[in-house]
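Have the coordinates open as you read.

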Amino acid sequence: MKVRLLKEEYLKSDNLFDDFCNNLIEGDIDHFSEDEYILPELRPFPFYLAYKDADQLEKSFMEAFKIIKEDYIKIDREITMSQQFWHSLLLVNFRDYVIEEHPAVTTNKNRFKNIVIKSFDWENYIYKCLLAVEYAVDNLPEVEHDLFYSAVINNLDLYNYLIKYTVTRNDKFIINVLKIVERNNLSTLMKSQIKDRPDLGKDERYGRRVIFEFNKDYPVVLSPMMDIDDMESLLLNHLSKYKS
Amino acid sequence: MGVWKFSETKLMEDYNFNPILERFYTYGISGLVRENIQNSLDHRLDKRKPVEVVIELGKLNGNDIPGFDEIKNRIKALMGTNQYSKETIDNMKAHLNDRSYDFISFEDKNTKGLSGSNFGYSVSGKYSYSAYAYSKGIHFEDSDKVNEKLRGGSHGIGKIASNAASILYTMFFANCDEYSNETLGGTIQLIDHQLDGKTYRSTGYYTDEISDKYIPYKNEEYHRVFHKSTRGLKIIVPFLRESFVNKDMIIQSICDSFMLAIINEDLVVHFNDITINALTFEDILDENNIFPETDNGKTDVFTKLYFRTYQNLHSDNFIISDKHQDYRFKLYFTYDESILTGRTGIYRSIGMKIEDKKIVSNVNKPYNALLIPYSVEEDVFLKSLENESHTKLDFSHFKDKENQENAKRFINNIDREISKVIESEMNKHNPPEGKLDTSDIIYDIENTFKRDIEKRFVELHIGAGNTKKTILKTSDTEEEGESTKRKKRKGKNKPNKLVKIKKDFGNEPKEYYQIPGSLIKRYSVTDKENLFINVDLNDIYEDKKTGNLLVTIVDGMGIEYPNEYNLENTYEYIADENTRTKLRFNKNCIYLINFEKGNIHLSMKVKNHSNKFSKLRFYLEV
Amino acid sequence: MIFDKESTFPHPILSKFTDDYEDKTFILKVGVQDGGNHYAFKIEYKLDSKFIINALNKNQANLYLLVQSKDSKFYKLENKNDQILPISKNSISLNKRTSFQLVIMTTEILSFKSNKDLHKFYLKERENIYIDKFGVLAISNVEKFNGDLKKPYELFEKKVDSNIKSEIKIEFGSETIIIVYRDIEYQYNKHRRKNSLNNHYVYIGLQRALLRFLRSNNEKDQEEIYINGIDEPADKLDLKLLNLMKVKGVLLLNYENVDEVIAKISDKIISKHYYAIEETFNESKIA
């Protein structure tokens, strides 16, 4: 299938929203650059996953993981890590799917911005899912994939925090942290707020604070290169600093 | 008979110094450098390897200079008859008893050297040694046939350039030929003179004479400066004129005259401890004392511009004709409105620049160009047009009228052809009104930015066809990167000065001195942490005896947290090792450290090891 | 994962911002070739501390390559120079920024007792210094690939737009400073030194760009930027300015020294402007 890339300045275009709503992008060569990718058939997947309902959340994430793994993971990162590519895909190739799943994007410009042309970084659900699938495929045997995906979904706050910063946005480190949290049943504790430490600022959570401890010691202690058992005792030690 | 040989004559004929001496003197040190390096390039041995020229500028004692006593006697005997020769002779006499003398020497390697030295003087013309050693060094002027020059080897003229650079018009040449015959010769250019009742000619030769035949001295037991033990020639100019002793000017003229030879790896020059080769060339161009920048950008040294222009080939089939035929050249061309003086560098294919040619009615046009012969044929022709000092294309030295006119035509055609290019480039950049394309015109000022930014970038080309892409690489180390810095700068790039910087430690932003990591030493032994800051505080704080040190922590991405490192929770005490006293401290500040020793040396007793792996930054209160 | 910010480590390390080792260096050079479905990275390094080389040889330490692009990855390298590391194109892209660094990590507790390469300051105490397992011994320089600059060597563009509300307007493109003229006349196109005559706009353009740089790159509302202490800005124009300032040896940028910084990073644009005016003036007198 052919994905034509939008012009580099597409986000600055004044009529992007209107043209999207009126289905005028595809026919207007002014919107497009000269670049295009010819790719195997790609299926759309849940790409905006801000669900409050836990079951819905898990179901949608799992579906996204599955399709990404089947259709997208083999594609060069030059394409899959490009915001221009994903926005082109959503605005043109997957327009119908996007509107069907999120009808509000044609009526509310803010929803459009927030859902369709969301910037492609750690807050973007496609980005989150893509990294998770890539990390599983690159590092874990097939049988452990679902376990890892569950760990991501169970510890979303921690996962978000891990992929937010370059120092922790590393496949092996993230996999180890999530494994340790799961096997020590720390999920609930990690996402809960630290109440008795006003000096740390508001909304500090155990999980984030523990990761910050790893961050502070890096690269004096090269924790991402540790094996999981060494890392486990270090993590528990960091956690003990905050548990009174 | 002395060590210097002067021919006897019946009459005093030459009351004047050879006029070429005076002319070469006005070309200064750069003329001397040009002559000698050019001769070396012309006598290259292995074409696959560069010619090496070793230049040494130094001092010699009078008694280390061969035959100096005799030189003194001859000079004392000189009688000036006109104002000019009187002045010259007086100046020579004034320098006969200097404590020491400047000299410069040019030693070449990977060159042929002179042949046939063991045969001494010979009329056959078969050996270059005889032609070089026993002529006045004005071979060029003596010849009246243009063709003779085309045979190449106008080696003689360089010699008189060397005489001219010497207060006593004296030069030596140490030769080592392919059979390792090491000899030393020399010439002195005086005027006809009488000594001990005999009359002598002006030119003296430093040579032995065996059964009425000149044979060179073996090069033994002379001062080190006069030795030449590898194949090639070494020119030594003693009694070097003061105005010629100018290191920066020497480097400048090497770079300016031989840029192409150097960057094309045909020439390497060692001057005292500096090596000028393809790798160091650009760095040398950047040295302000050698290539000074002027305020208005006007200059009469165009090396930097030529270097830049040499990246832009305009045509490798640029035709300039004389009356009979076409000659093919390579033309490199830059049009840039920030250029204030327009010049065309005319080069020989050995990589030497002949002149910064002014193109008629284009001398102030904003361009720069290089004109280089395409093959030997053009090169030989160009060489025939050089004036005697190789500094200009000229026609007046042709005696034959036909040849003179032809040369004139060719030189005029250079002007004409280059003018055309300048004009068409100017039109391109200044299109006539009505046709102006005003979108996206990039300023020529970009050239400056480009050059600067390029220094940080290395282009990596990957892939081919559709997937071809160019990636720019920057390296944060000065030592490597792709731009080779000279060795002596190695390791000097670590910051070692305090930087004044505004910081907010919780109250409001204030100025502090940030201490660079390279000045700080920190280590722990069991529960004792040591901190040593090697900075001369007396330089910074004139009369302040104590000061406060602030500490911040840096995370794994380099982000700094001014209030995250808690000294109180970490240390039991902090002691000033210079005064052996314990210091007061709070969360992030250590108070009243004593500065009297100039540095800071603290030891800390650790009570809580949870901050054991922290990376810190240190600030001094201003 | 790349760490290149100046700071003081709790134990001696070999790095470009510390002086813990006597005249020793650890320098990385990366090259790349396209291998079809992968990129082949050529890793060369120069390490001249005998102590650390020895630790690598005895497996007391390991050598890792860190690669940071959209995310961070690390690869354990063989203990030999000049190796090729293939990385699949679905794991790395080069069309944005990619940084490379080497680190050397201990695999066991390591004593500095025999570390003769340390700065002489440590000589007395070195036998009492121990580095923990997984501790860092050395970090190299960073090599940065920039695949996203479309016009790497251009800083300015000019445009004419008769609809702007002012006579002249400075805009910022994705990687250039754009000078927009309401009237083409303002470009001095009739004059020979038109470019130098435009230098006053260039000056303003640089000033505006630097002020913007200052606003968007200062961490935590500090009022000045320590040029060697900040990360590469994501903005491509800012990145060009940062590179230019680094080349020109600018250490600090703040609201007070903007003019000095312009003087350092540009090539005498005001005096060129002055001479262009002088010359234009003289030419018109002659005419």
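Predicted model: local features only at pLDDT ≥ 70, side-chain atom pairs only at ≥ 80, totals over all residues.

An angle between two axes of 65 to 115 degrees counts as roughly perpendicular.

In chain A, helix α8 (residues 145-154) and α10(A) have axes that come within 10 Å and cross at roughly 80°. So α8(A) and α10(A) sit roughly perpendicular to each other. On the α8(A) side, the contact uses Phe148(A), Ala151(A) and Val152(A), while α10(A) brings Ile175(A), Leu178(A) and Glu182(A). Sorted by type, the residues of this contact are five nonpolar, no polar and one charged.

Now stay on α10(A) and look at its other partner here. Helix α10 (residues 171-183) of chain A and helix α13 (residues 228-240) of chain A also have axes that come within 10 Å, crossing at roughly 65°. The crossing of α10(A) and α13(A) is right-handed. From α10(A), the residues making the contact are Asn176(A), Lys179(A) and Ile180(A); from α13(A), they are Ile228(A), Met231(A), Glu232(A) and Leu235(A). By type, the contact of α10(A) with α13(A) splits into four nonpolar, one polar and two charged residues.

Zooming out, what does the secondary structure of chain A come to? It's 13 helices and two strands. Chain B, for its part, has 15 helices and 31 strands. Here are some whole-chain values for the two:

| Chain | Residues | Buried | Contacts at least 6 apart that join residues at least 24 apart |
|---|---|---|---|
| B | 622 residues | 39% | 67% |

Finally, chain A also touches chain C. How many residues does the contact take from each chain? Chain C puts in 24 residues and chain A puts in 23 residues. On the chain C side, the elements giving two or more residues are β3 (61-68), β4 (72-77), β6 (97-106) and β9 (136-146) of chain C. Of these, β4(C) gives the most, with three residues. As for residue types, the side of chain C that touches chain A has twelve nonpolar, eight polar and four charged residues.

Terms used: Residues numbered from 1 in each chain as written. Chains lettered and ligands numbered in written order. Contact = placed C-beta atoms within 7 Å. Helix = DSSP H or I, 4+ residues; strand = E, 2+ residues; numbered from the N terminus. Nonpolar A, V, L, I, M, F, W, Y, C, P; charged D, E, K, R; others polar. Axes fitted to C-alpha atoms, helices over the stretch in contact; angles between N-to-C directions. Left-handed = near helix turned anticlockwise from the far one by under 90°. Parallel < 35°, antiparallel > 145°, perpendicular 65-115°, else oblique. Buried ≥ 20, exposed ≤ 12 C-beta atoms within 10 Å, placed from the backbone.
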